[in-house]
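Subject: Handing over the model

Hello,

Here is the structure I promised to pass on to you.

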Amino acid sequence: MPPGQNKPIIGISSCLLGEPVRYDGNHKHAPPIIEHLTHHFSFHSFCPEVAIGLGVPRPPIHLILKQQQIYCVDVSDPSIDVTEQLIQCSQQQDWQQTLCGYIVKARSPSCGWKSTPVTQTKETTPSLFDSGVYTAQLIKRFPDLPIIEEEQLIDVNCREVFIRRVLSYERKKRNAG
Ligand code: SF4
């Protein structure tokens, strides 16, 4: 069987695969972890910030809390609000239906999963931590999809649990289809 065939597909934040798509033109490649997981899975790489046309490099964005709602805005100019663009971007990705799991970049305002700092409008200390806008939508559409941040994959137990959850999700999908 050719490599990659029949492996469950998992989504991954592009910067974790070494693609230089971060706001500063860098990446966040995590080679040993990714290499280990390629034995089990095929990857679908995606960068929501590039997909909505923010470009590389780009001014950094962050999450703020305003009137009990979370918004994703430009760090130096809060009038530039990309919340709705990121929501729609996530909703429009039909390929997400093929996924059996997702690895996301910790603390990103787009990709983070429960770890992204959210500040009050004019403060710098985080008021709370939540998911990035793209990932929050992904969770709404696929609440049972196994999701993990790259930093959790460093822990061997977390990694093995994630692999088992993905394989189980894939089996359920196959049996349902
Ligand atoms: S938006 Fe996501 S994939 Fe793109 S650089 Fe930020 S963390 Fe990485």
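What covers the buried residues of H4? The cover includes helix H2 (48-51), E4, H3 and E5. Before going further, a word on conventions. This is a predicted model, in which local features need pLDDT of at least 70 and side-chain atom pairs count only at pLDDT 80 or more, while totals for chains, interfaces and linings use all residues. Residues are numbered from 1 along each chain as its sequence is written. Helices (H or I, at least four residues) and strands (E, at least two) are DSSP runs, numbered from the N terminus.

The core

I call a residue buried if 20 or more other C-beta atoms lie within 10 Å of its own, exposed if 12 or fewer, and partly exposed in between, with C-beta atoms placed from the backbone. In H4, the buried residues are Val 133, Tyr 134, Thr 135, Ala 136, Gln 137 and Leu 138. A nonpolar core is a set of buried Ala, Val, Leu, Ile, Met, Phe, Trp, Tyr and Cys residues joined through C-beta atoms within 7 Å. The largest one here has 34 residues, and Ile 10, Cys 72, Tyr 102 and Ile 103 have the most contacts inside it. Among the elements that give two or more residues to this core are strand E1 (9-13), strand E5 (101-104), helix H4 (133-141) and helix H5 (156-176). H4 supplies the largest share, four residues. As background, nonpolar side chains tend to be buried together in soluble globular proteins.

Two residues are in contact if their C-beta atoms, placed from the backbone, lie within 7 Å. Setting aside neighbours within four places in sequence, Ile 10 touches Phe 41, Phe 43, Leu 99, Cys 100, Gly 101, Tyr 102, Ile 103 and Val 166.

Leu 86 lies in helix H3, and it counts as buried because it has 26 C-beta neighbours inside 10 Å. Again leaving aside neighbours within four places in sequence, Leu 86 is in contact with Pro 48, Ile 52, Cys 72, Ser 110, Val 133 and Tyr 134. Why does Gln 97 count as exposed? Gln 97 counts as exposed because it has 9 C-beta neighbours inside 10 Å. Gln 97 lies in the loop between H3 and E5, and its C-alpha is 21 Å from that of Val 50, 47 residues apart in sequence.

The two sheets

Strands pair if DSSP finds at least two bridges between them. Five bridges join E1 and E2 in the parallel sense, and Ile 12 has Ser 45 in E2 as its bridge partner.

E3 and E4 pair in the antiparallel sense over six bridges. Ile 61 has Asp 74 in E4 as its bridge partner, and Lys 66 stands opposite Gln 69 in E4. The hairpin of these strands has two residues between them, and Gln 67 takes a positive phi near 50° there. On E3's parallel side, three bridges join it to strand E6 (residues 116-120). In E6, Thr 119 is the bridge partner of Ile 64, and Gln 120 is that of Leu 65.

The ligand site

Around the ligand are Ser 13, Ser 14, Cys 15, Val 21, Arg 22, Cys 47, Pro 48, Glu 49, Lys 105, Ser 108, Ser 110 and Cys 111.

Best wishes

Key:
Near = placed C-beta within 6 Å.
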